[in-house]
Amino acid sequence: MSPVLPPPQRHVLADGTLIYSFAVRVFGTFQANIYLLRRGDYTALIDTGSGTDQSNADLLAGFAALNDLDADLTWAHLSRIVITHGHIDHHGGLDFVRTLTQAPVAVHELDHPVLSAYRERIVLTSRALRAFLHEAGVDMPGVSAFMSMYGAGKTRFIGGPIETELRHGDLLDGVLRVIHTPGHCPGQICLRVGEVLFSADQVLSRTTPHLSAESITPGNGLSHYLHSLDLLDAEEGIVLTLAGHEEPVHDLRARTAAIRASHVRKMERILKICASPHSVQGVTAQLYPHVKSYDTLLALEKVGALAEYLNARGELQVANLAEMERDEHAAPLYQTA
């Protein structure tokens with residue numbers, strides 16, 4: 001039985017700006033948050049769900065339910081659509097939303113190609129992911145299985161021209177200040193309005209946001225992610241953080257500190273595991289012994305990001321350099337320096 005979606009929420013900012021939120025099921029029971037910001041005649045939709053039939057139905061139902069919160073909104077009211085980052089659970093519904101509104105779309109310049117040249121991005125990222133899996137020590141049948149998982153659900157989105165490219169420090173439509181926070185995704189942005197931060201997938205209330213290696217996608221990786229946390233920690237006066245998934249965060253700096261600590265604990269465990277040489281796949285099997293199916297791919301990507309970070313700082317070293325020199329297909333085995 002599918003979990004019941006939480007009821008729509010309404011937040012009133014100190015300057016009278018209104019923020020409405022509701023959840024949609026993006027893949028199975030996995031939920032993402034949709035936000036509408038309203039200031040006078042200006043209304044912005046932040047993210048669009050995944051574009052599955054269920055996600056689109058929840059999007060319509062959630063939008064309609066806002067009228068019970070005195071929002072008096074229709075799709076024709078929209079002034080702007082903002083995509084926080086180029087992951088399908090946040091932008092996949094854009095094709096559908098564009099059949100309902102002519103509102104212009106804004107996305108960070110590094111994720112612009114994801115929306116405007118989607119097939120190219122998928123082909124290039126797939127090639128990089130396949131190379132990463134080989135380097136992680138995954139055998140050919142495993143690589144094929146993981147690539148099938150990665151491609152599932154990524155064929156329905158078409159995309160098209162984007163009206164507005166965003167950059168760090170922009171003040172979109174005079175309302176939303178853009179904070180570029182790469183690491184989880186190259187074009188990931190957070191948005192600030194008054195005392196509220198829309199953190200997208202940079203900061204979540206319960207989960208440490210997913211990371212993958214920069215070798216898969218430039219702009220990803222732990223180094224970028226930690227620098228992005230620094231940017232958010234420098235923000236003063238945030239009293240409410242609204243994330244792309246899960247519940248609101250009421251103490252941003254406490255949550256970013258907890259996320260940092262989680263990464264440190266994982267890296268300490270990796271260094272202990274690598275007292276003897278291990279591939280990324282070998283480390284993953286010990287660090288996440290119970291994950292299955294698509295979660296195994298996510299675990300491999302996360303361990304790859306952490307190993308990449310540790311290797312770049314000399315804390316992990318490649319133990320089988322001679323083998324790699326002889327055999328270009330040999331996967332690196334990491335050992336604690």
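Predicted model: local features only at pLDDT ≥ 70, side-chain atom pairs only at ≥ 80, totals over all residues.
Visitor: How much space lies in the largest pocket?

Guide: A pocket is an open set of points on a 1 Å grid over the protein atoms alone, where a 1.4 Å probe fits, with protein on both sides within 12 Å along at least five of seven lines; lining residues have an atom within 4 Å of a point. Grid points are joined across faces, edges and corners, and the volume is the space filled by probe spheres set on the points. Here the largest pocket holds about 1,400 Å³. Its lining consists of 49 residues, and those nearest the centre are His87, His184, His210, Tyr294 and Leu298.

Visitor: Which helix supplies the largest share of that lining?

Guide: Helices (H or I, at least four residues) and strands (E, at least two) are DSSP runs, numbered from the N terminus. Helix 10 supplies the largest share of the lining, with seven residues. Other helices that each give at least two residues include helix 2 (88-91), helix 5 (118-135) and helix 8 (252-273).

Visitor: How is the lining of the largest pocket divided by class?

Guide: Ala, Val, Leu, Ile, Met, Phe, Trp, Tyr, Cys and Pro count as nonpolar, Asp, Glu, Lys and Arg as charged, and the others, Gly among them, as polar. In the largest pocket, 25 lining residues are nonpolar, 14 are polar and ten are charged.

Visitor: What is the volume of the second largest pocket, and which residues lie nearest its centre?

Guide: The second largest pocket has a volume of about 280 Å³. Of its 16 lining residues, Pro6, Ala23, Asn33, Glu246 and Glu247 lie nearest the centre. Strand 1 (9-12), strand 2 (18-27) and strand 3 (30-39) each contribute at least two residues to this lining. By class, the lining has seven nonpolar, six polar and three charged residues.

Visitor: How many aromatic pairs does a search of the whole structure find?

Guide: Rings of Phe, Tyr and Trp (its six-membered ring) pair if their centres lie within 6.5 Å; planes under 30 degrees apart count as stacked, over 60 as edge-to-face and the rest as tilted. The search finds three aromatic pairs. In one of them, the ring centres of Tyr118 and Phe157 are 5.0 Å apart and the planes stand at 80 degrees, so the pair is edge-to-face. Because Tyr118 lies in helix 5 and Phe157 in the loop between helix 6 and strand 7 (164-166), the pair ties together parts that are 39 residues apart in sequence.

Visitor: Are Tyr118 and Phe157 buried or exposed?

Guide: Buried means under 20% relative accessible area, exposed over 50%, and partly exposed in between (1.4 Å probe, protein chains only). Both Tyr118 and Phe157 are buried.

Visitor: How many salt bridges does a search of the whole structure find?

Guide: A salt bridge is a side-chain nitrogen of Lys or Arg within 4 Å of a carboxyl oxygen of Asp or Glu. The search finds 13 salt bridges. One of them joins the side chains of Arg80 and Asp173 (2.9 Å, N to O). Arg80 lies in strand 5 (residues 80-82) and Asp173 in the loop between strand 8 (171-172) and strand 9 (176-180), so this pair ties together parts 93 residues apart in sequence. Arg80 counts as buried because its relative accessibility is 6%, whereas Asp173, at 36%, counts as partly exposed.

Visitor: Which residues are linked in a network of salt bridges?

Guide: Such a network links Glu109, Glu165 and Arg167.

Visitor: What is the phi of Asp47?

Guide: Most residues other than glycine have a negative phi. Asp47 is not a glycine, yet it has a positive phi of about 75 degrees. Asp47 is placed in the loop between strand 4 (42-46) and helix 1 (53-65), and it is buried, with a relative accessible area of 3%. Glu246 also is not a glycine and has a positive phi, of about 70 degrees. Glu246 is found in the loop between strand 12 and helix 8.

How values were computed:
Residues numbered from 1 in each chain as written. Heavy atoms only, no water.
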